[in-house]
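Try each task yourself, then follow the solution step by step.

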Amino acid sequence: MTRPSLPGHPHFACREGELFAENVNLRELAAAHGTPLFVYSKAAMLSALAAYQRGFAGRHAQICYAMKANSSLGVLQVFARAGCGFDIVSGGELDRVLAAGGEAGKVIFSGVGKTRTEMRKALAAGIGCFNVESEAELDVLSEVALALQLRAPVSIRVNPNVDPKTHPYISTGLKDNKFGVAHEDALRIYQHAASLKGLRVVGIDCHIGSQITDATPYLDAMDRVLDLVAAIEAAGITLEHIDFGGGLGINYNNDTPPEADALWRQLLARLDAHGYGGKKLMIEPGRSLVGNAGVCLTEVLYVKPGEHKNFCIIDAAMNDLPRPAMYQAFHAIVPVTAAATKGAAEMTYDVVGPVCESGDWIGRDRALSVVAGDQLAVMSAGAYCMSMSSNYNTRGRAAELLVDGDQVHLIRRRETVEDQMRQELLVKG
Ligand code: LLP
């Protein structure tokens with residue numbers, strides 16, 4: 001029996017009772033490479049990208065993948081080859097872009113705390129734009145650029161003060177967030193930027209939050225930003241581009257975010273109505289390009305029935321999949337091999353990892369038919385999992401595979417304890 005793909009996961013499907021990524025059997029991958037194991041579908045990434053490309057057809061637009069969502073080189077390579085630029089937040093991320101074959105000229109550098117060293121490195125590489133988040137940062141960037149006899153291309157991140165209606169830790173466009181400059185201060189700060197000799201003002205940007213599942217906050221933010229564009233240009237400062245950030249959500253658990261092309265149809269209509277349809281557009285999507293392109297395969301180590309709760313203890317943990325512990329996030333958990341073939345009774349489990357923290361849970365109250373040795377797939381694990389993983393409890397980072405049709409590419413070897421201890425030193429004597 002071939003069941004259609006899992007909801008929200010068009011490139012992961014159950015065939016003859018077994019889960020596949022594109023044309024590759026996940027049980028066989030887990031057996032060959034061990035668990036925990038991240039598996040990504042290249043076709044899923046490219047089809048998520050295609051939705052944005054359709055939305056921008058005929059427009060002057062640049063998609064800059066927000067690589068904090070998943071910065072593994074093999075993933076960056078997919079987007080670099082597809083013509084994407086990158087949104088970076090550190091000098092280290094710039095090194096990764098260059099190592100993966102990305103173009104410096106298509107890089108935008110976001111973040112509230114860029115250091116002078118990072119600024120120098122990005123200027124020397126010739127990045128496309130610095131998204132500056134404070135007045136103090138403008139002054140420092142101008143000084144650093146002048147010392148290199150350069151002018152830094154800048155855009156100022158404006159905080160439109162709209163509520164993206166998402167988890168408070170991933171809202172960024174509200175007044176009390178640390179990000180961006182206040183809407184009411186923006187014109188004055190633009191005038192200051194235009195007066196600094198080491199800067200070249202090229203754009204404006206905003207980013208209101210992440211896992212946004214409704215178009216309204218985007219439309220509101222666009223209105224707020226376009227009002228400012230009018231005021232800034234009226235003051236004689238020309239803006240070459242408008243950057244609307246990232247933030248579009250994915251379907252984790254019956255979430256219904258708009259499709260990227262449908263969202264952009266609405267946003268472009270608004271842009272045209274304001275008379276700015278001809279301006280270059282930039283966006284910084286992260287999660288929506290990779291989130292549902294990845295799964296984390298894990299093995300059931302023990303089943304532990306209890307008086308109040310049953311625990312299903314797996315070999316992946318909060319160090320591999322930090323989102324449930326950090327944001328109470330939901331990831332679907334499905335068997336890699338259909339439960340019917342095993343005959344275990346269905347029970348309700350808390351699915352937990354081996355880390356010594358009560359916060360180390362991956363799913364709560366999940367109905368599963370499992371026995372020790374079974375493999376499970378934690379879905380929607382392509383974004384903010386590997387890139388946020390840690391070595392807590394001296395656990396090595398998982399291996400990563402990129403599936404392309406029936407081809408499998410190892411894009412990260414499993415981390416060993418030697419890898420983890422490499423930078424550490426015993427005290428001599
Ligand atoms: N641009 C800027 C300036 C950002 O701060 C972010 C994400 C993005 C773009 C990409 O947003 P996306 O399209 O991925 O929503 N770790 C959290 C998400 C943190 C998002 C931080 N900023 C999570 O796992 O839900």
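**Exercise 1. How many salt bridges does the rule find across the interface of domain 1 and domain 2?**

Step 1: Recall the rule, which asks for a side-chain nitrogen of Lys or Arg within 4 Å of a carboxyl oxygen of Asp or Glu.
Step 2: Apply it across the interface of domain 1 and domain 2, and the count is zero.
Step 3: By class, the side of domain 1 that touches domain 2 has five nonpolar, six polar and one charged residues. Here Ala, Val, Leu, Ile, Met, Phe, Trp, Tyr, Cys and Pro count as nonpolar, Asp, Glu, Lys and Arg as charged, and the others, Gly among them, as polar.

A note on the source: this is a predicted model, where local features need pLDDT of at least 70, side-chain atom pairs count only at pLDDT 80 or more, and totals for chains, interfaces and linings use all residues. Residues are numbered from 1 along each chain as its sequence is written, and side-chain values use heavy atoms, leaving out hydrogens and water.

**Exercise 2. Where does the ligand lie relative to domain 1 and domain 2?**

Step 1: Find the domains, whose bounds come from an automatic or database domain assignment: domain 1 is 2–41 + 291–421 and domain 2 is 110–285.
Step 2: Both domains give residues to the shell around the ligand, so the ligand lies between them.

**Exercise 3. Which atoms of glutamate 284 and tyrosine 327 lie by a nitrogen atom of the ligand?**

Step 1: For glutamate 284, a polar side-chain atom is 2.6 Å from a ligand nitrogen.
Step 2: For tyrosine 327, an N or O atom of the side chain is 2.7 Å from a nitrogen atom of the ligand.

Technical notes. Polar contact = N/O pair within 3.5 Å; in protein donor to acceptor, adjacent residues only side chain to side chain.
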